Amino acid sequence: MSVTKAAARFSKAHNTEAEGVWAAPGRVNLIGEHTDYNDGFVLPFALEQSTWVAAGRRDDGVLLVESLQAEEPVRFDVGSLAPGGSGGWARYAAGVVWAMQQAGHEVGGLSLVIDGQVPLGSGLSSSAALECAVGVAVDSLYALGLERAELARLAQKAENDFVGAPTGGMDQMASMLCTQGHALFLDNRTREVEQVPLDAPALGVRLLVIDTKVSHAHETGGYRERREQCEQAAREIGVPMLRDVDLDGLQAALEKVSTEVARRRAKHIVTENARVLDTVAALRRDDLAEVGRLMVASHVSLRDDFEVSSPELDVAVDAAMAAGAVGARMTGGGFGGCAIALVRDTEVDAVGAAVTKAFTAAGYAEPGLLPAAPSQGARREA
Ligand code: ADP
Ligand code: MG
């Protein structure tokens, strides 16, 4: 167990017991892709795989961060944390303390020992898991009494402004606010959230996460280009954000967009937002067949209109569906990363095997397979 591993390493390294162990999960998005920066809707859920942090206060003003997934402990001076400095991976942790200080909270020295189970850099948000685990630990140890949504905001600020990664807020909101047996509906405009029932074991299904092991490369420029095309479409339609266009107004809106490419981008965003709302409604009546249909429609839209899928993701989705999955789609920003399939419990092994076989036949590296069920968000573990 990672709880005990992190705690054991802590007591060995510091000659004293940790004051507690906290954890926060990775996440995967069921549906609602590229909608976040258009003020739209997303529907992530928390993975069982989490990041643990054994933590204790120190009175020498030092922030000492160690990870079982990294070589060396990293030392910061808690009184002079500043963005853009050195510290590598440990800046995800230090950034959370910095963001708390920026918000006016008093945080002193800390020893943190981290143990993460979320695969790093696969698009399952090991970064948010790390930030959120640190967030709940520091909040508790220094008795800050912060709300979960505020902790999520500070974790996002750490990633955006301290680490310097321009990501949306979904990952941290999911890691902080998700609850077991639910997906989290999140409105990126209002930041309102709703717990939507998705008790996979009770429904007899699993969400099979398929990691293509092809790295999701935002630096290809594809992501920036998509954002610009969405902004162009919104500007030409005359709305603040594509969120402001609904299905009824879609045809008329698209006629105002000057390029064929931007029209397809806008069509994806508007239809995807509608699919998220439809998925929420379908989940509320346990209509998994409809959820599966919406997942496939989302994939087709991302593949053909938004053009962010990859050959590996298409093979994963096609093979999963051919092997009897209820639904499947790419998840995350695209250009590689993970796909997700909604699969009956009894068919998880068969679908996994079929995907692996299809990857081998196509000459791809073996995919990672992670059968998931919506799990608990950030919490104290010990
Ligand atoms: P993702 O969030 O999809 O896993 P990111 O690139 O956003 O990918 O974040 C991964 C980075 O987060 C890693 O490269 C590392 O710097 C940091 N990280 C996450 N978890 C840990 C951990 N357990 N130990 C050390 N660093 C971690
Ligand atoms: Mg990340």
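## Aspartate 287 and its partner

Aspartate 287 has a relative accessible area of 24%, which makes this residue partly exposed. Its side chain meets that of arginine 285 in a salt bridge, with an N to O distance of 3.2 Å. The model discussed here is a predicted one.

## Salt bridges

A search of the whole structure gives 25 salt bridges. Side chains of opposite charge can pair when their charged atoms come close. One of the pairs joins arginine 206 to aspartate 345, where the closest N and O atoms are 3.1 Å apart. This pair links distant parts of the chain, since its members are 139 residues apart. Arginine 206 belongs to strand 9 (residues 205-211), while aspartate 345 sits in the loop between strand 11 (338-344) and helix 12 (348-362). Arginine 206 counts as partly exposed because its relative accessibility is 25%. Aspartate 345 is likewise partly exposed, with a relative accessible area of 33%.

Another salt bridge connects arginine 226 and glutamate 225, and here the closest N and O atoms lie 3.0 Å apart. Arginine 226 has a relative accessible area of 6% and is therefore buried. Glutamate 225, by contrast, is partly exposed at 39%. Salt bridges also link Glu33, Glu272, Arg275 and Arg329 in a network.

At glycine 123, a backbone N or O atom lies 3.0 Å from an oxygen atom of ligand 1. At serine 126, a polar side-chain atom lies 2.6 Å from an oxygen atom of the ligand. At serine 127, an N or O atom of the side chain is 3.0 Å from an oxygen atom of ligand 1. Taken alone, ligand 1 exposes 560 Å², and the protein buries 81% of that area.

Serine 67 counts as buried because its relative accessibility is 7%, the cut-off for a buried residue being under 20%. Apart from neighbours within four places in sequence, serine 67 is in contact with Trp89 and Ile114.

Serine 127 is part of helix 3. With 16% relative accessibility, serine 127 counts as buried. Its side chain forms a polar contact of 3.2 Å with the side chain of glutamate 159. Beyond four places in sequence, serine 127 is in contact with Tyr92 as well as Glu159.

## Buried elements away from the surface

Helix 5 (residues 170-177) is largely enclosed by the rest of the structure, because eight of its eight residues are buried. These are Met170, Asp171, Gln172, Met173, Ala174, Ser175, Met176 and Leu177.

Alanine 341 lies in strand 11. Its relative accessible area is 0%, so alanine 341 is buried. Leaving aside neighbours within four places in sequence, its contacts are Arg206, Leu207, Leu208, Ile210, Ala320, Ala325, Gly327 and Ala328. Among these is Arg206, the residue of strand 9 that forms the salt bridge with aspartate 345. Alanine 13 is 328 residues away from alanine 341 in sequence, and the two C-alpha atoms are 42 Å apart in space.

Conventions: Residues numbered from 1 in each chain as written. Chains lettered and ligands numbered in written order. Predicted model: local features only at pLDDT ≥ 70, side-chain atom pairs only at ≥ 80, totals over all residues. Heavy atoms only, no water. Buried < 20%, exposed > 50% of the residue type's maximum accessible area, 1.4 Å probe, protein only. Contact = heavy atoms within 4.5 Å. Salt bridge = Lys/Arg side-chain N within 4 Å of Asp/Glu carboxyl O. Helix = DSSP H or I, 4+ residues; strand = E, 2+ residues; numbered from the N terminus. Polar contact = N/O pair within 3.5 Å; in protein donor to acceptor, adjacent residues only side chain to side chain. Areas by Shrake-Rupley, 256 points an atom, 1.4 Å probe, with all protein chains shown as cover.
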